[in-house]
Amino acid sequence: MDLPRHHVIREGDLRILNPYDPGKLATLGQAIRLRPGDTLLDLGSGKGELLCTWARDHGIAGTGVDVSTAFTAAARDRAAELGVADRVRFVHGDAAAFVPEGPVDVAACLGATWIGGGVPGTLGILARALRPGGMVLVGEPYWRLDPPDEETVRACHASAREDFHDLAGLVTLFGDLGWDLVEMVLADQDSWDRYAAAHWLNLRRWLDANPGDELAGELRRELTGEPLRHVRRREYLGWGVFALIPR
Ligand SMILES: C[S@@+](CC[C@H](N)C(=O)[O-])C[C@H]1O[C@@H](n2cnc3c(N)ncnc32)[C@H](O)[C@@H]1O
């Protein structure tokens, strides 16, 4: 089981695989008032930047689970680089099937809610890992503005506008599912650019170095089309991380 190679190529040397920049990740860690010794579980942990930097900055300990062998290896390297390898571990596997050793203080899934078939199912998976009164972090897209046409909807990788809520709809959903929203840190257009636009240079450098690769045609088409899709979507698609505690 592994993530297709094109994801690894596109992400290149990015450390945060979401429309967050390092400042927003740090703001989130401060906002939720982590305490030294808190335990975290991060499902779809990518290259482990959340756990590694929060272990360094807040003294937390935790486990990340990711289906990508390349990202899991990068996360372990990052933990060693930041001197936190004794406090964070990274497991390669399916996050939906992962059984933690014990209940955690914070259970997170940033940008991978398909592991539970959407927000309600993913909150169910995260809730199972949580100690009583613990906190969930969920990272999810939403409509900043109503998309004006189908082209914009498709540019957002949605099949229909119903694929995403607007922000009020998402907040209503959290409440309907029995959760208090207790904090949130939203991406903005600049932090989206740091994620989306970084892919273009990653792709271009890879294409220059690998013209004969079997993925070259597909990734050439992606680089040709993706900048226009991004500028079509950047005013419309938002993304944020929402901190929730069960009522
Ligand atoms: C958008 S990235 C977010 C990564 C990380 N949370 C971050 O913010 O940098 C989604 C991640 O989910 C992982 N993923 C996708 N499906 C998964 C699954 N079933 N189990 C574990 N990880 C999964 C991918 O490998 C990828 O690292």
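Analyst: Let us begin with exposure: a residue is called buried when its relative accessible area is under 20%, exposed when that area is over 50%, and partly exposed in between. Please keep in mind that this is a predicted model. Asp149, with 34% relative accessibility, therefore counts as partly exposed, and this residue is found in the loop between β5 (130-143) and α6 (150-155).

User: Which residues gather with Asp149 in a patch of negative charge on the surface?

Analyst: The patch on the surface brings together Asp149 with Glu150, Glu162 and Asp163.

User: How should I read a salt bridge, and how many are counted here?

Analyst: The general idea is that side chains of opposite charge can pair when their charged atoms come close. In this model the count comes to 20 salt bridges. One of them is formed by the side chains of Glu49 and Arg78, at 2.8 Å from N to O. Glu49 lies in helix α3 (residues 49-58) and Arg78 in helix α4 (residues 69-81), so the pair ties together parts that are 29 residues apart in sequence.

User: Are Glu49 and Arg78 buried or exposed?

Analyst: Glu49, at 11% relative accessibility, counts as buried, and Arg78 is buried as well, with a relative accessible area of 9%.

User: What does the salt bridge between Asp105 and Arg131 tie together?

Analyst: The side chains of Asp105 and Arg131 meet at 2.6 Å, N to O. Because Asp105 lies in strand β4 (residues 104-110) and Arg131 in strand β5, this pair ties together parts that are 26 residues apart in sequence. Asp105 is buried, with a relative accessible area of 16%, whereas Arg131 is partly exposed, with a relative accessible area of 28%.

User: Where do the partners lie in the salt bridge of Glu235 and Arg144?

Analyst: For this salt bridge the N to O distance is 3.8 Å. The pair links distant parts of the chain, 91 residues apart, with Glu235 in the loop between α9 and β7 and Arg144 in the loop between β5 and α6. Glu235 counts as partly exposed at 33% relative accessibility, and Arg144 is partly exposed too, with a relative accessible area of 38%.

Terms used: Residues numbered from 1 in each chain as written. Predicted model: local features only at pLDDT ≥ 70, side-chain atom pairs only at ≥ 80, totals over all residues. Heavy atoms only, no water. Patch = residues over 30% accessible without salt bridge, like charges linked within 9 Å, V, L, I, M, F, W, Y side chains within 5 Å. Areas by Shrake-Rupley, 256 points an atom, 1.4 Å probe, with all protein chains shown as cover. Salt bridge = Lys/Arg side-chain N within 4 Å of Asp/Glu carboxyl O. Lys, Arg positive; Asp, Glu negative; His and termini not counted. Charge placed at Lys NZ, Arg CZ, Asp CG, Glu CD. Helix = DSSP H or I, 4+ residues; strand = E, 2+ residues; numbered from the N terminus. Buried < 20%, exposed > 50% of the residue type's maximum accessible area, 1.4 Å probe, protein only.
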